[in-house]
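The sequence and the structure are shown first.

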2 protein chains.
Amino acid sequence: MTEEATAFVPGHVTGFFSAHPHEDPTRAGSRGAGLTLTDGVEVTVRPAAESTVVLDGEGIDIEPVETVLSTLAVDARVEAHSELPLGAGFGVSGAMALGTALATNRVFDRKLSVNELVTIAHGAEVRAGTGLGDVVAQARGGIPIRLEPGAPAHNELDGIPSRARVEYVSFGGLSTADVLSGETERLTAAGERALSLVVEEPTLASFVHASRRFAREADLLTPAVRETLEAVADVGGHASMAMLGDTVFALGTGLSEAGYEPAVCGTHSAGATLR
Amino acid sequence: MTEEATAFVPGHVTGFFSAHPHEDPTRAGSRGAGLTLTDGVEVTVRPAAESTVVLDGEGIDIEPVETVLSTLAVDARVEAHSELPLGAGFGVSGAMALGTALATNRVFDRKLSVNELVTIAHGAEVRAGTGLGDVVAQARGGIPIRLEPGAPAHNELDGIPSRARVEYVSFGGLSTADVLSGETERLTAAGERALSLVVEEPTLASFVHASRRFAREADLLTPAVRETLEAVADVGGHASMAMLGDTVFALGTGLSEAGYEPAVCGTHSAGATLR
């Protein structure tokens, strides 16, 4: 047993998705596409007498993280530092679950494979209702297209072969659990249409186009997001809404040219890794 | 059409493998495991009146690269810089094929997905007989385990959740095409045994152990490799042979502690990417 281990997990903004619930959490998940981000979450795990989770210095309950620890049958202190806000559409809970799985496997010498660890973290997110597709996207990196839902044994992934500078502004949170527990039929129909567009033309331009159309059709735009998207469009920029957060992301300099003061990062070429 | 595009593809040393020929090149391939390396190949593609391939300043014929260009229906100048020797078990031909596919897609705006580009490069390698599993491993990054052979539509990948400093020394080349076109039954049986070991315990230690056993059982050790492996074992280090090259790779400081002057790199966390 080593003393501690640290994993980095990229953030992930989903541009569009369709929800695919299933009683087996390894088959439940979402189809869709998103950007993994160089801004992400660093998770350090140390053995402890009792499990605790700390995010940016404050104790916090994050159900998927607790589920990962209990699945791996350990008591540990999980200390996370996030460059991204929690609950605002950046996949922070998924990143914490996946980072905890990777670092715990290392510290406690659990000898599991990447797919097994991703499956544990994905299942924990699905059970908690905090996400459906972030974990598998964050394990892959790049600009993942989620063609089939679920954990690695069942899902199918592809990617857009590109990279981009990414800007974002966040006006606050939306509850993923609330949206996902509500009526998702309309959302899922819109998500399937968006996915067809991106499969037909897997480019960044079509990704942003499909994402914007999805946000409109699924009726998820908040007033702040709507106003910001209009401002970016007015200067000819490309932006859409991070699902699910009161957050706008733009490619290139869309937000700064529209007069916002965005955070700036890039797409992340690698999936989650141990430091 | 942009003027040029550059892709970086990590090197890949295979520790062990089993060959799985198939008339459909998207189903042909290998099972096995290896390390992707921070040392790799940078490939730049520019439109040209006639296709040419240049590796480290010298014109060269590399069949898989030519196949990728003709599959994508372009004439281009492909200029590659490799930190690794060609034909010595580092997946340089696979890297050139995959890097050419990624950069060509970008320059000529072909709008293909990552999986489609990997499939084209994998198929080109398989047809040329220059490799069976490098391309899919290099597209993934990390420490890939190839559970099922073939291109993305058919294969199944997992990974060892770890990273390592890697040392290597190369005494020259072995012809992949010669070995693969010979009797591969014994080799494949040894490869399947090695894969079982690593699937049961997906750690770096078991990977090197399984690789060494494979090299011995498949009767592929060259005199220089055999001597070097003994020298590394004598100082308690972990090393094996790169398949297929007259090359030894070691984890950590195995080779330098044994008195060699190895090249030093690390495992690469990301798969092939555009610069």
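Two strands pair if DSSP finds at least two bridges between them. Helices (H or I, at least four residues) and strands (E, at least two) are DSSP runs, numbered from the N terminus. This is a predicted model, in which local features need pLDDT of at least 70 and side-chain atom pairs count only at pLDDT 80 or more, while totals for chains, interfaces and linings use all residues. Residues are numbered from 1 along each chain as its sequence is written, and chains are lettered from A and ligands numbered from 1 in the order in which they are written.

**The sheet of chain A**

In chain A, 4 strands make an open sheet with the order β9-β10-β8-β11, paired antiparallel. Its edge strands, β9 (239–241) and β11 (263–266) of chain A, each pair on one side only. On average, neighbouring strands of this sheet are turned by 25° against each other, direction ignored. Strands of a sheet pair through backbone hydrogen bonds, either parallel or antiparallel. The table lists the pairs.

| Strand pair | Bridges | Direction |
|---|---|---|
| β9(A) and β10(A) | 3 bridges | antiparallel |
| β8(A) and β10(A) | 6 bridges | antiparallel |
| β8(A) and β11(A) | 4 bridges | antiparallel |

A:Y168 stands opposite A:A263 in β11(A), and its bridge partner in β10(A) is A:F249. A:F249 is also the bridge partner of A:S240. Between β9(A) and β10(A), which form a hairpin, there are 3 residues.

How many residues of β10(A) are buried? A residue is buried if 20 or more other C-beta atoms lie within 10 Å of its own, exposed if 12 or fewer, and partly exposed in between, with C-beta atoms placed from the backbone. In β10(A) 7 of the 7 residues are buried, so this strand is largely enclosed by the rest of the structure. Both of its faces are covered: A:G245, A:T247, A:F249 and A:L251 are buried on one side, and A:D246, A:V248 and A:A250 on the other.

**Helix α7 of chain B**

The expected span of a helix is 1.5 Å times one less than its number of residues. For the 14 residues of helix α7 (residues 204–217) of chain B this gives 20 Å, which agrees with its end C-alpha atoms being 20 Å apart. The buried residues of α7(B) are B:F207, B:V208, B:A210, B:S211, B:R212, B:F214 and B:A215. Just after α7(B), B:D219 has a positive phi of about 60°.

**The two chains together**

Two residues are in contact if their C-beta atoms, placed from the backbone, lie within 7 Å. By this rule 22 residues of chain B are in contact with 22 residues of chain A. Two or more residues come from each of α2 (92–107), α3 (114–128), β7 (156–159) and β12 (273–274) of chain B. α3(B) gives the most to the side of chain B that touches chain A, with 3 residues.

Notes:
Axes are lines fitted to C-alpha atoms, for helices over the stretch in contact, and angles run from 0 to 180 degrees between N-to-C directions.
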